[in-house]
Amino acid sequence: MEGMLNIVLFVSVLVCVVSSSFAQQACGKYSFSENRQFDSCIDLPVLNSFIHYNYESSSGKLDVAFRRTGMTASSWIAWAINPTATGMVGSQALVAYQQADGKMKAYTSPVTQYKTSLEEGKLSFEVSDLTATFAKNEMTIFATLALGKGNTTVNQVWQEGPLSDNVPQMHSTSGGNVQSMGKLDLLSGTASSSGGGNSKKRDRNIHGILNAVSWGIMMPAGAIFARYLKVFKPSLGPTWFYLHVGCQASAYIIGVAGWGAGLKLGSQSAGIEYSTHRNIGIALFCLGTLQAFALLLRPKPDHKYRIFWNIYHHACGYTVIILSVVNIFKGFQILKPGDAWKHAYTGIIIALGAIAVVLEGFTWIIVIKRKREENSDKIFGNGANGYSGRRA
């Protein structure tokens, strides 16, 4: 037993050493051309990016190289320090891209608003020796910053996006592009991701799960209860109705919670808009609320206006189901949670659709059979009455 524990301990230490060595090779063992040397480097957590630097605490001078791998000539990169906040607005950015003539352009850009085109401008601190390179699908920005004494911990932001006609375009507003910010400790050589980014990611996941379960699964399931269990009314009685109402009411409550989470995300993400997703969500909330009121205003089955209520209720309900499924897939495009989640939801929708098709056929068989039995009873009933009349 003791020998086994020693083996496990040895393997654990070996794995740690190998992992540490691998991490250093990803950043620390990188060699720059022109004999450039940097004492510190950090593998940034997203966007395949790295920051290399030399820092003089006595003068506050920072020599920096920001490196992004997996680049194309139709993209731009930027690395920034935000002296006043942790987000994008207020960032003092270094920007670089390859121009149409093949030459690299590197310049400074103060970011004053969202949806910026990264116009060239002077930063709040001095920048010198600003250059950029692009080789082997790797783009790098070099610069020297005069941060001043005492600025040992800074808020950093890094980004990449598409390029069109030598003009930087809006970067993606999902995945790593909204997580590329955090603190950089220049003395210890450590970086931390923004806590706000992690909080937003959690809120987005909550928003997505609540809406996928409620609008995207429970609503279609509730409709299936209403349409197909009703056929078994003689044996089940009003059970189908209670299942339908219970499922739809629960879906509406959970859906409203998910809708509220979406509103919160919108208020926390100024400048980031998903108009189609948002508008469909608002429409779903309105239609769902109308359906809730429809339950309170439902006429009795023999009321003369019941047919109009039925048309409104069914049209509204099926519209909600269709829009819900469409908006769930819109959400997948925005969140990009991974193919497994999208495939799982697609499988659930296909399963619900297959169940509906099978039950639809089964329902028509039962309805036709009952119609025939009713017609047969009428024929035999009329025949018996006629015969009795002749006898009389």
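Trainee: What should I know before I start?

Mentor: This is a predicted model, where local features need pLDDT of at least 70, side-chain atom pairs count only at pLDDT 80 or more, and totals for chains, interfaces and linings use all residues. Residues are numbered from 1 along each chain as its sequence is written, and side-chain values use heavy atoms, with hydrogens and water left out.

Trainee: Why is Glu138 called buried?

Mentor: Buried means under 20% relative accessible area, exposed means over 50%, and partly exposed lies in between (1.4 Å probe, protein chains only). Glu138 has 13%, so it counts as buried.

Trainee: Where does Glu138 sit, and what is it in contact with?

Mentor: Glu138 is in strand 8. Strands are DSSP runs of E with at least two residues, helices are runs of H or I with at least four, and both are numbered from the N terminus. Contact means heavy atoms within 4.5 Å. Leaving aside neighbours within four places in sequence, Glu138 is in contact with Tyr30, Arg67, Arg68, Thr69 and Thr133.

Trainee: What makes Glu138 and Arg67 a salt bridge?

Mentor: The rule asks for a side-chain nitrogen of Lys or Arg within 4 Å of a carboxyl oxygen of Asp or Glu. For Glu138 and Arg67 the closest N and O atoms are 3.2 Å apart. The pair therefore passes. Glu138 lies in strand 8 and Arg67 in strand 3, so the pair ties together parts that are 71 residues apart in sequence. Arg67 is at 2% relative accessibility, so it is buried.

Trainee: How many salt bridges does this rule give?

Mentor: The count comes to five. One of them joins Lys61 and Glu56, with the closest N and O atoms 3.9 Å apart. Lys61 is at 33% relative accessibility, so it counts as partly exposed. Glu56 is at 38%, so it also counts as partly exposed.

Trainee: How do you know that strand 1 and strand 2 pair?

Mentor: Two strands pair if DSSP finds at least two bridges between them. Strand 1 (residues 40-43) and strand 2 have four bridges and run antiparallel. The pair therefore meets the rule. Within it, Ile42 has Ile51 in strand 2 as its bridge partner.

Trainee: What about strand 2 and strand 3?

Mentor: They pair in the antiparallel sense over eight bridges. Tyr53 stands opposite Val64 in strand 3. The two strands form a hairpin with four residues between them, and Gly60 in the turn has a positive phi of about 80°.

Trainee: Why is strand 2 called largely enclosed?

Mentor: Seven of its eight residues (49-56) are buried, so the rest of the structure largely encloses strand 2.

Trainee: What is the order of the strands in the open sheet?

Mentor: The five strands run 1-2-3-8-7, with antiparallel pairing. Strand 1 and strand 7 (126-135) stand at the edges with a single partner strand each, so one side of each has no neighbour in the sheet.

Trainee: What makes Phe308 exposed?

Mentor: Its relative accessible area is 53%, so Phe308 counts as exposed. Phe308 is in helix 6 (residues 306-335).
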